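Good morning, and thank you for making time for this presentation.

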Amino acid sequence: MSASVDERNGGIDKPRAISGNSRVKFEWDAGKEAANIAKHGVSFSEAQLAFADPRRVILTDKAHSAEEPRFFCIGWSGRGVLTVRFTYRRGTIRIIGAGYWRKGRKIYEERES
């Protein structure tokens, strides 16, 4: 992948690859999901759809990776371009947050052109 956004753009770094394996496992904290639904209107079940987009973009979240590496998955979910913050734990994708944010949509659309 050739696209790159540096730390001056919110701590987002180079795109990363993620397996297209359909047997990817997801997990999340139910309380964090409830807070995310209240704040952003997105369930973490819906957030999984971004990972299924073959044109998804995976970026390193340098601003929130002090304790563990964190990433963004930006992909189409059916309602629009969804940005999902996540980490890997024990071979599982752990969703931390998700929303329909302008910055993610811009990155996705720039990658499409």
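Predicted model: local features only at pLDDT ≥ 70, side-chain atom pairs only at ≥ 80, totals over all residues.

**Salt bridges, aromatic rings and cores**

The side chain of Glu68 meets that of Arg89 in a salt bridge, with 2.7 Å from N to O. Glu68 sits in the loop between β3 (57–61) and β4, whereas Arg89 belongs to strand β5, so the pair ties together parts that are 21 residues apart in sequence. As for Arg89, at 27% relative accessibility that residue counts as partly exposed.

Which residues do salt bridges with shared partners join into one network? They are Glu27, Arg90 and Arg94. Across the whole structure, the search finds eight salt bridges. One of these is formed by Arg90 with Glu27, where the closest N and O atoms are 3.5 Å apart. Since Arg90 lies in the loop between β5 and β6 (92–99) and Glu27 in strand β2 (residues 26–27), this pair ties together parts that are 63 residues apart in sequence. Arg90 itself counts as exposed, because its relative accessibility is 71% and the cut-off for that class is over 50%.

A further salt bridge is that of Glu46 with Arg79, whose closest N and O atoms are 2.9 Å apart. Here helix α2 (residues 44–47) provides Glu46 and the loop between β4 and β5 provides Arg79, so parts that are 33 residues apart in sequence are tied together.

Ser77 is buried, at a relative accessible area of 12%. A polar atom of the Ser77 side chain lies 3.5 Å from the backbone nitrogen of Arg79. If neighbours within four places in sequence are left aside, Ser77 is in contact with Glu46, Leu49, Leu82 and Tyr100.

I turn now to the aromatic residues. The structure holds six aromatic pairs. In the pair of Phe51 and Phe86, the ring centres are 5.0 Å apart and the planes stand at 75°, so the arrangement is edge-to-face. This pair links distant parts of the chain, with Phe51 in helix α3 (residues 49–52) and Phe86 in strand β5, 35 residues apart. Phe51 counts as buried at 9% relative accessibility, and Phe86 is buried with a relative accessible area of 0%. Both belong to one aromatic cluster, formed by Phe26, Phe51, Phe71, Phe86 and Tyr88.

What surrounds Phe86, leaving aside its neighbours within four places in sequence? Its contacts include Phe51, Ile58, Pro69, Phe71, Cys73, Ile93 and Ile95. Arg94, a member of the salt-bridge network, is also among the contacts of Phe86.

Phe86 brings us to the nonpolar cores. The largest has 14 residues, and those with the most contacts inside it are Cys73, Leu82, Val84 and Phe86. At least two residues of this core come from each of α2, α3, β4, β5 and β6. Apart from it lies another core, of seven residues, among them Val57, Leu59, Val81 and Tyr108.

Two local features around helix α1 deserve mention. At the start of this helix (residues 30–40), a side-chain oxygen of Asp29 reaches to within 2.9 Å of the backbone nitrogen of Gly31. Just after α1, Gly41 takes a positive phi of about 70°.

The protein has four helices and six strands, and from the N terminus on its elements run β-β-α-α-α-β-β-β-β-α. Of its 113 residues, 41% count as buried. Among contacts with a separation of 6 or more, 51% are accounted for by residues 24 or more positions apart. The accessible surface comes to about 6800 Å², and carbon and sulfur atoms hold 48% of that area.

How values were computed: Residues numbered from 1 in each chain as written. Heavy atoms only, no water. Buried < 20%, exposed > 50% of the residue type's maximum accessible area, 1.4 Å probe, protein only. Polar contact = N/O pair within 3.5 Å; in protein donor to acceptor, adjacent residues only side chain to side chain. Contact = heavy atoms within 4.5 Å. Phe/Tyr/Trp six-rings, centres within 6.5 Å; stacked < 30°, edge-to-face > 60°. Salt bridge = Lys/Arg side-chain N within 4 Å of Asp/Glu carboxyl O. Core = buried A, V, L, I, M, F, W, Y, C linked by side-chain atoms within 4.5 Å. Areas by Shrake-Rupley, 256 points an atom, 1.4 Å probe, with all protein chains shown as cover.
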